[in-house]
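The tour goes stop by stop, with something to pick at each one.

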Amino acid sequence: MAEGPILIREQRYHEIKAVLARLRMDSYARVVVLVEKDGQQIAVHGELGDLDTTSLASLAAGNVAATGGMAKLIGEDEFPTLSHEGKRESIHISVIGRILLVVVFDERSSLGLVKLRSKQVSHELSAVFAAIERESSESDPDGSLPFGEITDEDIESLFSQT
Amino acid sequence: MTFINYASREINCKIVYYGPGLCGKTTNLQHIYDSTAPQAKGKLISLATDTDRTLFFDFMPLELGTVRGFKTRFHLYTVPGQVFYEASRRLILKGVDGVVFVADSQEERMDANIESLYNLEENLRCHGYDLMKIPYALQLNKRDLPNIVPTSDMVTELQRKGEPVIEAVASSGSGVFDTLKAVAKQVLTELRKT
């Protein structure tokens with residue numbers, strides 16, 4: 001593979017969750033999701049209800065990838081923000097390096113406020129993700145990764161569970 | 001790219017089904033979706049045209065169980081097979097952990113298989129991946145049809161590196177889970193290297 005896995009340790013995860021909680025409160029948003037550009041959900045916070053955030057993450061990444069492709073066709077690097085306004089619910093997506101900040105909001109908030117608050121936390125999220133990438137590239141310093149010990153039996157038993 | 005979350009004890013991997021138009025990529029996903037318990041899967045998202053041809057991608061998350069205390073979730077994607085959706089196909093390969101190439105066994109589709117396989121290698125290279133190193137399985141689909149190429153000829157033409165070859169009839173489900181298992185095993189084996 002081109003790159004190794006991304007490892008999100010508990011401390012970083014809680015740092016991200018704290019930023020998302022603050023953003024959600026300050027922007028009066030319904031749900032805030034942090035997504036890696038390839039479509040993997042990193043963390044989520046808010047009134048989830050029956051919202052399928054895994055699919056939301058995948059589609060948001062597809063959306064950004066498609067509009068990024070269009071941007072390149074017209075000579076832009078990418079479009080740093082995307083907004084979709086519905087009758088009741090809206091979505092705002094900010095591209096922050098390799099991560100996407102997806103904010104779902106309704107009439108309790110406004111696009112202007114969500115844009116402002118998203119921008120205000122973007123540096124913080126960017127710094128945390130940079131730390132995650134750095135830690136992911138280091139070889140397991142505290143020996144806490146159990147995957148080196150995965151046996152063929154472990155993998156077989158995984159499939160017998162389905 | 002595999003995501004390992006220590007807080008939620010989850011491993012997330014991305015597997016892409018690749019192949020020429022109408023080879024049965026979406027049918028593979030549809031069968032997995034239909035045969036999996038509700039608690040193990042999310043929604044099957046299909047971004048398709050009005051005539052049910054894949055426009056951008058199909059997507060479904062599938063939870064297999066736990067390994068070493070971590071929930072393993074595979075994110076399954078298909079690419080649009082039609083030649084003119086090249087830009088979309090390339091985008092979907094970004095961050096891939098494993099690839100399934102679905103070949104159409106019908107004689108008249110052999111050229112399309114070969115073209116699509118070269119296209120896969122090229123698009124992987126665009127993202128810095130090498131087909132020879134990435135977890136990979138070859139599925140020979142539509143083995144129930146009358147006008148098919150013999151398995152040995154397909155293997156000679158399409159097998160790249162001794163990857164697992166699975167004969168399948170995706171419309172009835174035959175070989176679908178064997179294919180998924182073949183690629184998922186390789187992806188999990190890669191984790192040993194972390």
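Which residues lie on one side of β2(A), which on the other, and are they buried or exposed? Select β2(A) and find out. V31(A), V33(A) and V35(A) lie on one side, V32(A), L34(A) and E36(A) lie on the other, and all of them are buried. In a regular strand the side chains alternate between the two faces of the sheet. With 6 of its 6 residues buried, β2(A) is largely enclosed by the rest of the structure. Keep in mind throughout that this is a predicted model.

**Stop 1**

Pick V31(A): its bridge partner in β3(A) is G46(A).

**Stop 2: the whole sheet of chain A**

Read across it in the order β3-β2-β6-β5-β4 (chain A), with antiparallel pairing. Which strands stand at the edges? They are β3 (41-46) and β4 (81-85) of chain A. Each has a single partner strand, so one side of each is left without a neighbour in the sheet. From one strand to the next, the twist averages 10 degrees.

Now bring in the helices. α2(A) packs on the sheet and touches β2, β3, β4, β5 and β6 of chain A. Its direction makes about 60 degrees with that of β2(A). Then show α3(A), residues 111-137. This helix lies across β2, β4, β5 and β6 of chain A and runs at about 35 degrees to β5(A).

**Stop 3: the nonpolar core**

Leaving out residues up to four places away in sequence, V35(A) touches Q40(A), Q41(A), I42(A), A57(A), A60(A), A61(A), I99(A), L100(A) and V102(A). The largest nonpolar core has 93 residues. Which of them touch the most other members? They are L34(A), V35(A), V102(A) and V16(B). The largest share of this core, 8 residues, comes from α5(B), residues 176-191.

**Stop 4: where the chains meet**

Show both chains. In this contact, 36 residues of chain A meet 39 residues of chain B. On the side of chain A, the elements that give two or more residues are β1 (6-8), α1 (10-27), α2 (53-73) and α4 (152-160). α2(A) provides the largest share, 8 residues. By class, this side has 17 nonpolar, 12 polar and 7 charged residues.

β1(A) and β1(B), residues 3-5, run parallel and are joined by 3 bridges. Pick I8(A) and you will find N5(B) opposite.

**Stop 5: β7 of chain B**

Move to chain B and select β7(B), residues 136-141. The strand is mostly covered, with 6 of its 6 residues buried. Y136(B), L138(B) and L140(B) point one way, while A137(B), Q139(B) and N141(B) point the other.

On to β8(B), residues 165-167. It pairs with β7(B) in the parallel sense over 3 bridges. L138(B) stands opposite V165(B). β7(B), helix α4(B) (residues 151-158) and β8(B) make a right-handed β-α-β unit.

**Last stop: N113(B)**

Go back to helix α3 of chain B and pick N113(B). Why does N113(B) count as buried? It has 24 other C-beta atoms within 10 Å, and 20 or more make a residue buried. Beyond its neighbours within four places in sequence, N113(B) is in contact with P20(B), A103(B), D104(B) and L158(B).

How values were computed:
Residues are numbered from 1 along each chain as its sequence is written. Chains are lettered from A and ligands numbered from 1 in the order in which they are written. This is a predicted model: local features need pLDDT of at least 70, side-chain atom pairs count only at pLDDT 80 or more; totals for chains, interfaces and linings use all residues. A residue is buried if 20 or more other C-beta atoms lie within 10 Å of its own, exposed if 12 or fewer, and partly exposed in between; C-beta atoms are placed from the backbone. Helices (H or I, at least four residues) and strands (E, at least two) are DSSP runs, numbered from the N terminus. Two strands pair if DSSP finds at least two bridges between them. A crossover is right-handed if, with the strands pointing away from the viewer, the path from the first strand over the helix to the second runs clockwise. A nonpolar core is a set of buried Ala, Val, Leu, Ile, Met, Phe, Trp, Tyr and Cys residues joined through C-beta atoms within 7 Å. Two residues are in contact if their C-beta atoms, placed from the backbone, lie within 7 Å. Ala, Val, Leu, Ile, Met, Phe, Trp, Tyr, Cys and Pro count as nonpolar, Asp, Glu, Lys and Arg as charged, and the others, Gly among them, as polar. Axes are lines fitted to C-alpha atoms, for helices over the stretch in contact, and angles run from 0 to 180 degrees between N-to-C directions.
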